[in-house]
Amino acid sequence: MERYHNEDLLGLTSFAKLQDLLARREAKDVSELEPFEDYERELGVAIRGVECDLKAQELARYDVDADTIMVAGHEYHKVLDKQPKPYSTSSGPVRVPRNLYRPKGGGKSICPLEL
């Protein structure tokens with residue numbers, strides 16, 4: 001099975017944004033700093049961005065990528081491949097690519113990630 005999870009924070013755009021925020025803040029003289037509340041708000045947004053990216057990667061690990069799967073003794077065939085879908089998390093919304101499977105002979109499709 002393909003490994004979706006990427007634990008390398010340096011590869012995340014959200015982590016680069018966090019690093020940029022911290023570098024800009026560090027480069028300023030104390031007299032140039034914006035109010036702490038503004039920094040706190042911007043830091044929170046940046047941290048939640050990293051959280052969302054990591055949660056999206058973790059959710060993607062629950063998906064299955066196969067042509068055919070068996071669920072409760074029924075055979076399902078892949079009908080959609082890695083279609084992004086929004087999910088809600090405590091850090092904010094994330095988009096996760098997932099696969100959909102339909103039972104042999106027709107019927108309601110399922111997503112392994114959601115099982």
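Guide: Buried means under 20% relative accessible area, exposed means over 50%, and partly exposed lies in between, with a 1.4 Å probe and protein chains only. This is a predicted model, in which local features need pLDDT of at least 70, side-chain atom pairs count only at pLDDT 80 or more, and totals for chains, interfaces and linings use all residues. Residues are numbered from 1 along each chain as its sequence is written, and side-chain values use heavy atoms, with hydrogens and water left out.

Visitor: Why is Cys52 called buried?

Guide: The relative accessible area of Cys52 is 12%, which is under 20%, so Cys52 is buried.

Visitor: What makes Cys111 buried?

Guide: Its relative accessible area is 4%, under the 20% cut-off, so Cys111 is buried.

Visitor: How many disulfides does the structure hold, and why?

Guide: There are zero disulfides. A disulfide is a pair of cysteine sulfur atoms within 2.5 Å. The cysteine sulfur closest to that of Cys52 is in Cys111, 19 Å away, so the two are too far apart for a bond.

Visitor: Why is Ala72 called exposed?

Guide: The relative accessibility of Ala72 is 75%, over 50%, so Ala72 counts as exposed. Ala72 lies in the loop between β1 (68–71) and β2 (74–89); strands are DSSP runs (E, at least two residues), numbered from the N terminus. Ala72 is not a glycine, yet has a positive phi of about 50 degrees.

Visitor: What makes Lys82 partly exposed?

Guide: Lys82 has 29% relative accessibility, between 20% and 50%, so Lys82 counts as partly exposed. Lys82 is in strand β2, and its phi is positive, near 50 degrees, in a residue other than glycine.

Methods. Helices (H or I, at least four residues) and strands (E, at least two) are DSSP runs, numbered from the N terminus.
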